Amino acid sequence: MAMPVHINEEEHSKSLSPEERVENMFQQIKKEKPNFDLGTLKMKYEGLQLRLRVEFVLCIMEKNSDIYGPWMKKCPTEAGVISQCISVDSETSPTTMDNQYLTDNILEINIKLGGINFWLSNVPCIITKIPTLILGMSIGVSPRPGHSNIPSIASVVGSSYWPCFSTYGASVRTQSSTDKMFTYDSLYSPSAEGEDEGIIRELLREFFDSNRQEFVIPGQILIFRNGVSESQFSQVLEIELEAIKKAIRQLLAPLPKFTVIVAQRSHRSKLFKVGGVPGNVPPGTVVDVHSKFQSFYMCPIM
């Protein structure tokens, strides 16, 4: 492992635009380590070119700094480097930062570098005996009305390294600002060559890669869908679920078992203890609801 590089922004660069400031800092890194090329990730050694991966770049900047956006764009999209930004007040030194803030950043760095921050100790046997893939799906829509040029964001996370359920990969696509549901093409998108370029294939491949040694194939898939109303349930089943099945058929036969769980937090129901006992119901309380769907209320676990 190469020695770390410490770079301080040059004073004369602070009058430049945020993009130019970021570019200057990357040029400083190249000057300090001339054997490294952040664009191609190569190292020259005795006439040979060895491919190296620059694992991580830590940037300590002032709070609300205007270089945050350009920096976070430069690292993953142009330099192909994992980055973490830590913000400090101009009157506070890094050595006096709050311990909780530092802990949160360390946890983020650990996840970005492929580590595991938690481990479920009591996993239901229904998902440990049968290889299970867990998907979490949500649509992000701009809260500002009248901004039709801002796309909606279709995002899905998928579990890996069965059966620990502690590591999740993510896949994101942009959609039209008017799309409040997942489009068919976001989940299943065959190219002109016939190769599927949709979200589901990407996450399924990651599941296979993480379980390559045991050659685990999911026998069931749990889908947690967030942000839909009861009037949209049919679209989830007829469009989104069908697109997921279509993508999985390209890699698996027969199809695994599917369970779709819609999580709704916006409701006006209130749960009370029996007999008028004061206080909230215990965390984890489940109340079944009679409807055409298998519905229930669940008090979040603390």
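1. Strand E7 covers residues 152-160 and runs antiparallel to E6, with six bridges joining the two. Strands here (E, at least two residues) and helices (H or I, at least four) are DSSP runs numbered from the N terminus, and two strands pair if DSSP finds at least two bridges between them.

2. Before going on, a word on the source: this is a predicted model, in which local features need pLDDT of at least 70, side-chain atom pairs count only at pLDDT 80 or more, and totals for chains, interfaces and linings use all residues. Residues are numbered from 1 along each chain as its sequence is written, and side-chain values use heavy atoms, with hydrogens and water left out.

3. E6 (residues 132-140) also has a parallel partner, strand E9 (residues 220-226), joined to E6 by six bridges. Here Ile-134 has Leu-222 as its bridge partner in E9.

4. Do have a look at Ser-177, in the loop between strand E8 (167-175) and helix H5 (184-187). Ser-177 has a relative accessible area of 16%, so it is buried (under 20%, with a 1.4 Å probe and protein chains only). Leaving aside residues up to four places away in sequence, Ser-177 touches Ser-148, Ile-150, Pro-151 and Ser-152 (contact means heavy atoms within 4.5 Å). Its C-alpha atom is separated by 6.9 Å from that of Asn-149, 28 residues apart along the chain.

5. Of its 302 residues, 31% count as buried. Among contacts with a separation of 6 or more, 58% come from residues 24 or more positions apart.

Notes: Buried < 20%, exposed > 50% of the residue type's maximum accessible area, 1.4 Å probe, protein only.
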